[in-house]
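Q: Could you take a close look at one part of this molecule for me, the nonpolar core and what packs around it? I'd like one connected walk-through.

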Amino acid sequence: MRRPRQLGRRERMALILERDGAECVWCRRPLDDDTLVPATTEHLVPRIKGGPSWIENELAACRRCNGERGHRTPGEWFDECERRGWEPNRTVIVRALRSLQEAIAERGGQRRARPYIASQLRRLDVD
């Protein structure tokens with residue numbers, strides 16, 4: 001059985017930017033590799049917390065936000081961004097958490113990530 005070809009970094013980033021928009025999900029600065037604000041891949045559920053390296057677990061963020069967030073939960077970092085006067089994109093973050101939850105239900109595994117995602121959805125999904 002032949003495995004599907006893995007997407008390269010640029011292809012993954014192009015799909016993420018098309019899906020979520022070309023701005024940092026946390027501070028909303030426009031992302032562009034030709035400017036001083038290049039896009040980085042942000043793992044919504046950090047790998048150290050059981051997050052998979054799936055495109056459903058990846059968002060586009062500026063290098064500053066990606067680095068400063070570290071291993072904080074999306075809810076903790078969301079609160080910190082608001083404290084700084086930024087307006088994080090709650091819609092994209094919640095949509096990504098739901099998409100990841102659905103992907104895990106479909107593919108299985110990721111036992112460590114499941115309760116983490118559920119807790120972040122309870123915290124961030126206020127609709």
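A: First, the term: a nonpolar core is a set of buried Ala, Val, Leu, Ile, Met, Phe, Trp, Tyr and Cys residues joined through side-chain atoms within 4.5 Å. Buried means under 20% relative accessible area, exposed is over 50%, and partly exposed lies in between (1.4 Å probe, protein chains only). Keep in mind that this is a predicted model, where local features need pLDDT of at least 70 and side-chain atom pairs count only at pLDDT 80 or more, while totals for chains, interfaces and linings use all residues. Residues are numbered from 1 along each chain as its sequence is written, and side-chain values use heavy atoms, with hydrogens and water left out.

Now the core itself. The largest one has 34 residues, and those with the most contacts inside it are Cys24, Trp26, Cys65, Ile93 and Ile117. At least two core residues come from each of α1 (9-20), β2 (58-62), α3 (74-83), α4 (90-107) and α5 (113-124). The largest share, 8 residues, is supplied by α4. Helices (H or I, at least four residues) and strands (E, at least two) are DSSP runs, numbered from the N terminus. As for Cys65, leaving aside neighbours within four places in sequence, it is in contact (heavy atoms within 4.5 Å) with Cys24, Trp26, Cys27, Trp77 and Trp86.

Trp77 takes us to α3, where the buried residues are Pro74, Gly75, Trp77, Phe78, Glu80 and Cys81. What covers them includes α2 (63-69), α4 and α5. Look at α3 against α5: the two pack at an angle of about 35°, with axes 9 Å apart. From α3, the contact uses Pro74, Gly75, Glu76, Phe78 and Asp79, and from α5 it uses Tyr116, Gln120, Arg123 and Leu124. Those axes are lines fitted to C-alpha atoms, for helices over the stretch in contact, and the angles run from 0 to 180 degrees between N-to-C directions. Just after α3, Gly85 takes a positive phi of about 90°.

Last, the strands. β1 is largely enclosed by the rest of the structure, because 4 of its 5 residues are buried. β1 and β2 pair in the antiparallel sense over 5 bridges; to count as a pair, two strands need at least two bridges found by DSSP. His43, found in β1 (residues 39-43), stands opposite Glu58 in β2. Their C-alpha atoms are separated by 4.7 Å, though the two are 15 residues apart along the chain.
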